[in-house]
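Hello,

Here is the structure I promised to pass on to you. Have a look at it first, and my notes on its charged pairs follow below.

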Amino acid sequence: MIKHYFLWIALSAVCLFFPEQAFARKLAAAPSAGKNLFISGSFGLSIPNTADWNEAPNLLGDIEFEKTTSFAGALGIRLSSYFSTEAEFSYRNTGLDELTVKNTGSAELNDDAKTWAGMLNAYLHIMPGSRISPYAMVGAGVARYQIDIDPVTGLGVTGASGTDTVAAYQWGGGLNYNMSENSQVWLGYRFFGTDRPVINTTELDYTVHEIMLGYRRHFGRFGED
């Protein structure tokens, strides 16, 4: 399954990185300097880490999550050639694969955890005058969880179903490809994590590694003479 995700992203990147030759001659080396608004959309492979898990009063263990696809959209402002900021909304629907109770045993799960996140991100654009330029990013915000875990009577797990909102953070980096003065595609890695959500008497971790492919469109400059 994971090979299909990487092939999907790689083929999309190849198609975008090699536009028609006649059009390519018209491309600028990088987006022009100056403030402007932009919109961005992206999708990618989300690989959750194994999560520490506990259920009051005395059950401890971990949960294995399935790989999934994440989606994100953002509205932002380019402050200069080197810096930009954005408000981003993202969504993940992650299946729960296996639950292990310490010193007791494990059981397969057929449940899921949905995550909606609203983030404020800041970007540092390195070598912005190049056709292909690296970037680094950090972000902070909130995440809303909806988690369903069915009871597992053989392990003494009573289960959980509900929602919780917690603080979230992310950081990462990647490469921008400047298709024109106003449009970019980008390929990057990010690490996303949150505080521990608490659903009923259940508390768990959620952190993921993500490989994202996105498109960014800039609009007219503003705030200049």
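**Salt bridges and their surroundings**

Asp112 counts as partly exposed because its relative accessibility is 22%; buried means under 20% relative accessible area, exposed over 50%, and partly exposed in between (1.4 Å probe, protein chains only). Its partner in a salt bridge is Lys114, with the closest N and O atoms 3.4 Å apart. Lys114 has 19% relative accessibility, so Lys114 counts as buried.

Before going on, a word on the source: this is a predicted model, where local features need pLDDT of at least 70, side-chain atom pairs count only at pLDDT 80 or more, and totals for chains, interfaces and linings use all residues. Residues are numbered from 1 along each chain as its sequence is written, and side-chain values use heavy atoms, with hydrogens and water left out.

How many salt bridges does the structure hold? There are five, a salt bridge being a side-chain nitrogen of Lys or Arg within 4 Å of a carboxyl oxygen of Asp or Glu.

One of them joins Arg92 to Glu210, with 2.6 Å between the closest N and O atoms. Arg92 sits in strand 5 (residues 83-101) and Glu210 in strand 12 (residues 207-221), so this pair ties together parts that are 118 residues apart in sequence. Strands here are DSSP runs (E, at least two residues), numbered from the N terminus. Arg92 and Glu210 are both buried.

Arg196 also forms a salt bridge, with Asp205, the closest N and O atoms being 2.8 Å apart. Salt bridges with shared partners link Arg196, Glu203 and Asp205 into one network.

Key
Helix = DSSP H or I, 4+ residues; strand = E, 2+ residues; numbered from the N terminus.
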